[in-house]
Amino acid sequence: MPNELYLVRLIHHQTRRAFPGERLWTADQLGSAATVRFLRARNREGCDIYVQPYAGRQNAGYILVDLDRAQPAVIATMCTQGHDPCVVLQTSPGHLQAWIRLSASPLEPALATGAGKLLALAYGGDCASTDWRHLGRLAGFTNQKPARRTAAGYAPWVKVIGAKLGLAPRAEALLQSATALVSPDRAQDSGPHSTFQDSAPTHILASLATEIYRACMNRWRILQRFPQPDWSIVDLWVARHLLSQGWARSEVQEILRLASPDFPRHHGDPHDYLRRTVTRAAFPHPPRTVWGHHARASLLPRPCSNSTGGRYPSDECSLFWL
């Protein structure tokens with residue numbers, strides 16, 4: 001990841017205290033024997049070693065995607081979609097971090113954060129790790145998390161498993177989507193007291209919309225649980241999830257249009273269908289009380305209902321059609 005300066009931060013795992021001072025090094029300084037000896041000593045004392053290409057009050061053009069629960073083929077999928085990482089790290093067995101270079105010049109913080117959010121949603125990354133200043137682990141040192149210890153009790157090494165120079169092939173298109181995500185029009189569209197705006201501009205990349213929709217399906221295991229899903233219900237679940245993540249309603253509508261399987265399917269007025277689906281997801285009715293002969297439903301795991309009878313997936317409920 002070529003850059004003029006790199007920010008290195010040391011955080012003691014047990015106390016969560018940062019080592020005094022944040023250090024800026026050039027690549028040559030960071031790779032010098034004296035620096036490596038210093039960092040190894042702190043690593044042995046229990047500090048995790050983090051790094052980020054540094055550009056002052058801006059992002060240096062590199063976006064971190066924290067793939068803490070990565071699917072086996074996630075890196076191949078990223079490359080297929082034109083979001084090739086310039087560096088892929090294995091932070092412990094089964095846990096990855098990917099740096100994607102989107103620009104040769106610094107990016108504004110809001111734009112970099114928006115791009116990080118899009119990539120995290122598309123590839124199942126940690127949405128809490130999308131801040132423009134988020135640091136990744138530095139290869140060549142150990143991961144001090146107790147949960148990552150090997151069977152023999154050793155801390156695993158952070159390893160580089162892939163690296164190549166250059167921007168991601170579809171970097172410009174992704175930045176266009178991120179620009180729309182953080183635009184002032186979007187902020188008005190997603191305000192707490194706003195009404196649905198059909199005319200709000202959106203510029204969501206089709207391949208990115210597909211990855212976001214697919215990530216939701218994989219997270220909820222839709223095809224494994226329902227061989228013939230009702231895609232209208234899945235659309236509603238996806239819309240509800242994206243709205244909860246802070247997406248504007250116009251953007252959610254565009255993602256459904258681009259990514260919902262076989263859309264527009266049988267809908268006579270596709271635009272009206274999308275508008276109604278997203279509006280229903282934004283303003284769900286409270287669940288109905290079950291009485292009388294329907295009380296048998298209480299014997300099953302409690303579903304999360306809306307006014308249409310659809311069931312929303314969540315950590316607290318299973319999916320059933322009664």
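Modeller: A disulfide is a pair of cysteine sulfur atoms within 2.5 Å, and that is the test applied throughout this predicted model.

Biologist: Why is C47 called buried?

Modeller: The relative accessibility of C47 is 4%, and because buried means under 20%, C47 counts as buried.

Biologist: What makes C79 count as partly exposed?

Modeller: C79 has 32% relative accessibility; since partly exposed is the range between the buried limit of 20% and the exposed limit of 50%, C79 is placed in that class.

Biologist: Turning to strand β7, how do you know that the strand is mostly covered?

Modeller: Strand β7 spans residues 95-101, and seven of its seven residues are buried. On one side these are H95, Q97, W99 and R101, while L96, A98 and I100 lie on the other, so that both faces are covered.

Biologist: What makes β5 and β7 a pair of strands?

Modeller: Pairing requires at least two bridges, and β5 (residues 62-67) is joined to β7 over six bridges in the antiparallel sense, so the two strands pair. Within this pairing, D66 has Q97 of β7 as its bridge partner.

Biologist: How do you know that β6 also pairs with β7?

Modeller: Five bridges join β6 (residues 87-92) to β7 in an antiparallel arrangement, and because at least two are required, these strands pair as well. Here Q90 has L96 of β7 as its bridge partner. β6 and β7 form a hairpin with two residues between them, and G94 in the turn has a positive phi of about 85°.

Technical notes
Residues are numbered from 1 along each chain as its sequence is written. This is a predicted model: local features need pLDDT of at least 70, side-chain atom pairs count only at pLDDT 80 or more; totals for chains, interfaces and linings use all residues. Side-chain values use heavy atoms; hydrogens and water are left out. Buried means under 20% relative accessible area, exposed over 50%, partly exposed in between (1.4 Å probe, protein chains only). Helices (H or I, at least four residues) and strands (E, at least two) are DSSP runs, numbered from the N terminus.
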